[in-house]
Amino acid sequence: MDFQDSPEEISFRQECRQWLQDNAPQKQRSDEISGQGLTSAQLLQASREWQGRRAAAGFGAITWPVAFGGRGGTPMQEVIYRQEEGRFNVPPNYFAVSLGMVLPSLFAHASEEVRARYLGPALHGKELWCQLLSEPGAGSDLGMVRTRAECCSDGRDGWILNGQKVWTTLAQFAEFGMVLARTDPTVPKFEGLTSFFIDMKAPGVEVRPIRQANGESEFNEVFFNDVFIPDSQRVGAAGAGWKVTLTALMNERLSIGGVMPPDLWRTAAQIMRSAEFNGGSAMADGRMRERLADLYLNAHGLWLLQCRGLTALGKGKEPGPELSIAKIVGARTLQDFAYFAMDLQGERGVLAAEEVGDTWQLVEKLWFGAAGMRIAGGTDEIVKNNVGERVLGLPSEPRMDKGVPFNQLPR
Ligand SMILES: Cc1cc2nc3c(=O)[nH]c(=O)nc-3n(C[C@H](O)[C@H](O)[C@H](O)COP(=O)(O)OP(=O)(O)OC[C@H]3O[C@@H](n4cnc5c(N)ncnc54)[C@H](O)[C@@H]3O)c2cc1C
């Protein structure tokens, strides 16, 4: 394991830091959250502008090929940029799904004309994309997608889309979406799927935001009622939708891997010093210190895992199981931290963050949001299944649907 940057990485890190210093204010505290008090629409606008500036400076999509407007850089450079950007107060990244998951599928599987038209505006923050995969009956088992796309029977060169998606992040703001639909129900479930991209403002597309417990609406239900999709918006061959989707899912897991802010235990220690427990400081109580020690050990273990993954990336290798393990432990630790911090508040825990102080913005955000990190990009159970099967070599789950046509599967 190598903890040091190589000479090239040092010089790239300096380049990133210099550009960030010239273009963004530094964070006052590591747990500072940007854009407090702004509406989602205002945050999106700020995110569009920041993405545009990043792209103009060559930091917009570091690992994308130069031919598509990227920098042609390494995954390690992407990580270095993200580490450096984390020290600055910049708008939240609304383009993570577009650029990190959806568009890589487009440049891997779409035609030259499609790439030429759509990659640039997304890279420069002008067009936002969403990922239309999950449905009420198809989440962990995405092969069960029921949304149908049927060839037009009226002579038009295209498809008619009907069905429903759910949990679609940022669909209410997106200009375009990549949709996975069933085009042939007479073959086994993974073989009858096709990917398309759609204009989210096309007739028949209805987006209904889902109101969350924290008052925000990051996700949506999306309904398709006889939506016409020109065949030129098919991505990959008919029936090859699963292959296209795997490109997006692989990228999704890569980008969700490093979720743990390294300084979180310091925030917990600061909260403990000021919190009261059994008539004294929480820091004076052995059981409370044990919880802080657990948090520190998990954070440190995750940092070492990240170093191992980064060393593999730096040597041009694929990281091993580190990303899966980091996702399971990282998301769980974030949730434990938020619950612990909230418990320390006692009755004051019911107050909103703005009533108790700045540190609580992060606690509140994680208290509501960490559970979602344990679901998005593969639930804890699914990631554990993958580690069991692919890393530990345990027997795979029984598959009763193998080789059975989709329309003969029990409902
Ligand atoms: C923050 C967030 C953002 C998201 N954004 C998007 C998006 O932009 N686009 C999109 O398409 N989707 C999105 N999703 C949806 C996400 O992909 C699904 O929620 C996820 O795949 C799980 O599917 P599900 O909710 O249908 O749960 P289910 O698959 O129904 O799972 C329910 C429970 O059963 C368990 N389970 C299921 N199968 C197994 C098994 N084989 N073995 C053991 N346990 C199992 C699961 O672990 C879980 O605990 C998002 C979700 C979150 C939380």
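Colleague: Is arginine 148 buried, partly exposed or exposed in this structure?

Modeller: The general idea is to look at the relative accessible area, where under 20% means buried and over 50% means exposed. In this predicted model, arginine 148 has a relative accessible area of 28%, so the residue is partly exposed.

Colleague: Where does arginine 148 lie, and which residues is arginine 148 in contact with, leaving aside its neighbours within four places in sequence?

Modeller: Arginine 148 belongs to strand 2, which covers residues 148–151. Once the neighbours within four places in sequence are set aside, the contacts of arginine 148 are with Ile160, Leu161, Asn162, Ala181, Arg182 and Pro185. One of these contacts is with asparagine 162, which is 14 residues away along the chain from arginine 148, with 5.4 Å between the two C-alpha atoms.

Colleague: How should I read leucine 106, and is that residue buried or exposed?

Modeller: The same cut-off applies, buried being under 20%, and leucine 106, at 0% relative accessibility, therefore counts as buried. Leucine 106 sits in helix 4, residues 96–109, and, apart from neighbours within four places in sequence, is in contact with Val114, Arg115, Tyr118, Leu119, Trp129, Met178, Phe197 and Val235. As for distance across the model, leucine 106 and alanine 269 are separated by 163 residues in sequence and by 45 Å in space, taken from C-alpha to C-alpha.

Colleague: What span does helix 12 reach, and what span is expected?

Modeller: One compares the distance between the first and last C-alpha with an expected value based on 1.5 Å a residue. Helix 12, residues 380–391, has twelve residues and reaches 15 Å, which is close to the expected 16 Å. Its buried residues are Asp380, Val383, Asn386, Val387 and Gly388, and helix 12 is followed by glycine 393, with a positive phi near 70 degrees.

Colleague: Turning to the whole chain, how many helices and strands are there, and why can the chain be called as compact as a globular protein of its length?

Modeller: The protein chain contains twelve helices and ten strands. Its radius of gyration is 23 Å, close to the 22 Å that the globule rule gives for 411 residues, so the chain is as compact as a globular protein of that length. Along its principal axes, the C-alpha trace spans about 75 × 50 × 45 Å.

Colleague: What share of the residues is buried, and what share of the contacts with a separation of 6 or more joins residues 24 or more positions apart?

Modeller: Buried residues make up 45% of the 411 residues, and residues 24 or more positions apart account for 71% of the contacts with a separation of 6 or more.

Colleague: How much of the accessible surface belongs to carbon and sulfur atoms, and how far apart are the mean positions of the positive and negative charges?

Modeller: The accessible surface comes to about 20,900 Å², and carbon and sulfur atoms contribute 53% of that surface. The protein chain has 43 positive and 50 negative charges, whose mean positions are 2 Å apart.

Key
Residues are numbered from 1 along each chain as its sequence is written. This is a predicted model: local features need pLDDT of at least 70, side-chain atom pairs count only at pLDDT 80 or more; totals for chains, interfaces and linings use all residues. Side-chain values use heavy atoms; hydrogens and water are left out. Helices (H or I, at least four residues) and strands (E, at least two) are DSSP runs, numbered from the N terminus. The radius of gyration is taken over C-alpha atoms; the globule rule is 2.2 Å times the number of residues to the power 0.38. Buried means under 20% relative accessible area, exposed over 50%, partly exposed in between (1.4 Å probe, protein chains only). Contact means heavy atoms within 4.5 Å. Accessible areas come from the Shrake-Rupley method with a 1.4 Å probe; for residues, only the protein chains shown count as cover. Lys and Arg count as positive and Asp and Glu as negative; His and the chain ends are not counted. The place of a charge is taken as NZ of Lys, CZ of Arg, CG of Asp or CD of Glu. The expected span of a helix is 1.5 Å times one less than its number of residues.
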